[in-house]
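Here are a few notes to read alongside the structure.

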Amino acid sequence: MTVNVDTTAQDFSWLSLPAAQQPEWPDSEALRKVLAELASYPPLVFAGECDQLRARLGAVARGEAFLLQGGDCAEAFDAVSADHIRNKLKTLLQMAVVLTYAASVPVVKVGRIAGQYSKPRSKSTETRDGVTLPVYRGDSVNGFDFTPESRIPDPERLKRMYHASSSTLNLVRAFTTGGYADLRQVHAWNQDFVRNSPSGQRYERLAKEIDNALAFMNACGVDPEEFKTVEFYSSHEALVLDYETALTRTDSRTGDLYDVSGHMVWIGERTRQLDHAHIEFASKIRNPLGVKLGPTTSVDDALELIDRLDPDREPGRLSFITRMGAGKVRDLLPNLVEKVTASGAQVAWICDPMHGNTFEASSGHKTRNFDDVLDEVKGFFEVHRALGTHPGGIHVELTGDDVTECVGGGDEVFVDDLHQRYETACDPRLNRSQSLDLAFLVAEMLR
Ligand SMILES: O=C[C@H](O)[C@H](O)COP(=O)(O)O
Ligand SMILES: C=C(OP(=O)(O)O)C(=O)O
Ligand SMILES: [Mn+2]
C-alpha cells in the first residue's frame, strides 16, 4: 500500500515508499478534500514544546530522570468527555507522584493521549458467526460496530480525530496548568473507587507525607506557586501517514519539519521496516521519537534504526520501547542493550510490559496478567542493573476508569470478572488501582 497525501509544498520523501497497515480509503477525492482541510488547520502542539520534551528525554537517556508514558491502547471518540480525561490524568498524576516521591527521581510525564486513535492489527479481517468484515483499525479509520457500513474506512474520521485530539489536549492543558494538578491537590486525585483499594490506602499515607514535606518547604519560604503546574506531554503511534503528513509543518524558527499532531510520536512494531515509509517519515521530523522493539528485533535492526533516526546521537531524540514478553525479556534484552551501548548511541530504554504479554482468557477476552506485566518490568530492571545501563521508563496501557480488562492486581480482577467492565476498543488496559499498584512496585525497583 502507498500513502495518499497530495502535497506539493514539501519534499515529503516518505510518500513514495510502501507503508504497512494503512487504510484502504474507498473514495480518493473525499480523502483529498479532507487532507487539504487538515493541512490548513492550526498545529495541536508547538515545535518548541517538542524540543523541550526532547531535552527532558535527554535526561532520561542519561539516567537522570524516569519516563512515565501511559494511556489507552485506542482512544475512542465517544470517550472524549471531561470525566474520562480527568480520570486518566488523575491516574497518571498519582503514578507520577508515587514514582517521584518514593524513588526521588524526576518523572517525565507523557500521555498516550490526544491522538492515539489508529491501530495496527494482526489480521485485516474479523469473522464472527460466519460473517467476515474488515477489521476495526481505530476510530480515525472505521467504526468499532460489527456491521459492513461501520467497517468502511471514512476519511471524515481523520477530521474527527483532529478535533477530538484538540479538545482533549485543551482540557489536559487546562488541568495541568490551571491548578488541578497542583501538588497540594494530591489527596483530591485519590477519590472515587480507588480510594479504598489497597494501593489507594497506601497512596493516602504517601500523600500525607507529601503534605508534611510541602508544609516544611512552605515554612522554609519556598514559593508554593512552584507546585501549581505540571509539565505534561502528548504522544501517539504515528500510524496513518495521511493524517500525520497533513499535520507535518515547517518550523518557522529553524526550517525543520515537525509533526504537530503530538509532542512525541512512536513507530510501532508492525511498521518499523527500515525501507518503508514510517521510518523515512520519522527520520524527517524533529519530534522526539519512539520505536517499539519486539522479540524478533536483531542487533542490526536496532543499530540501523539508530543510524536512520538518530544520526547525531542526540540523547532524547530516540527512545527504544522494548516489549519482549515476561518470559523473554531476560534472554533477549541484554544483547540488544549491550551492542547498542557499545555503539556509542544514547537511546532512552523504555519498557512496554503490555504488548508481549497478551493472551486469550478462557472467557474469550483478550487480557493480560498483572503478574506478567510486573515480571517484565522486573526483568527489564534486572537487565539494565546487570549491564550498568539505565532503565529509563515504562510505557503502559491504562485507563482511569474502574474497568476489568487485565487480571490480577492488589484489588484482584479474576477471569470470571472480565465481562463486567470490559470496555476497551482494542487491547486490555490496567485500571486505576492496578496502575497505582504498578507505580508503587516500580518505585521500589527504582529506589
Ligand atoms: O495495540 C496493539 C495492536 O493494535 C494490537 O495488539 C493488535 O491486536 P490484534 O492482534 O487483535 O490485531
Ligand atoms: C500497537 C501497539 O504496540 P506494538 O506496536 O508494540 O505492537 C500499541 O502500543 O498499542
Ligand atoms: Mn495496544
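1. Overall build. The protein chain holds 11 helices and 14 strands. Its radius of gyration is 21 Å, close to the 22 Å that the globule rule gives for 447 residues, so the chain is as compact as a globular protein of that length. Please keep in mind that this is a predicted model.

2. Extent and packing. Along the principal axes, the C-alpha atoms fill a box of roughly 65 × 55 × 45 Å. Of the 447 residues, 49% count as buried. Taking contacts between residues at least 6 apart in sequence, 77% join residues at least 24 apart.

3. A covered strand. Have a look at β1, residues 66–71, where six of six residues are buried. In a regular strand, side chains alternate between the two faces of the sheet. Here Phe66, Leu68 and Gly70 point one way, while Leu67, Gln69 and Gly71 point the other way.

4. Neighbours of β1. Strand β2 (residues 107–112) pairs with β1 in the parallel sense over six bridges, and Gln69 stands opposite Val110 of β2.

5. Around ligand 2. Which residues surround ligand 2? They are Cys73, Pro120, Glu237, Gly268, Glu269, Arg270, Lys292, Arg323, His355 and Asp427. By class, this shell has six charged, two polar and two nonpolar residues.

Methods:
Residues numbered from 1 in each chain as written. Chains lettered and ligands numbered in written order. Predicted model: local features only at pLDDT ≥ 70, side-chain atom pairs only at ≥ 80, totals over all residues. Buried ≥ 20, exposed ≤ 12 C-beta atoms within 10 Å, placed from the backbone. Helix = DSSP H or I, 4+ residues; strand = E, 2+ residues; numbered from the N terminus. Pairing = 2+ DSSP bridges. Near = placed C-beta within 6 Å. Nonpolar A, V, L, I, M, F, W, Y, C, P; charged D, E, K, R; others polar. Rg over C-alpha atoms; globule rule 2.2 N^0.38 Å. Contact = placed C-beta atoms within 7 Å.
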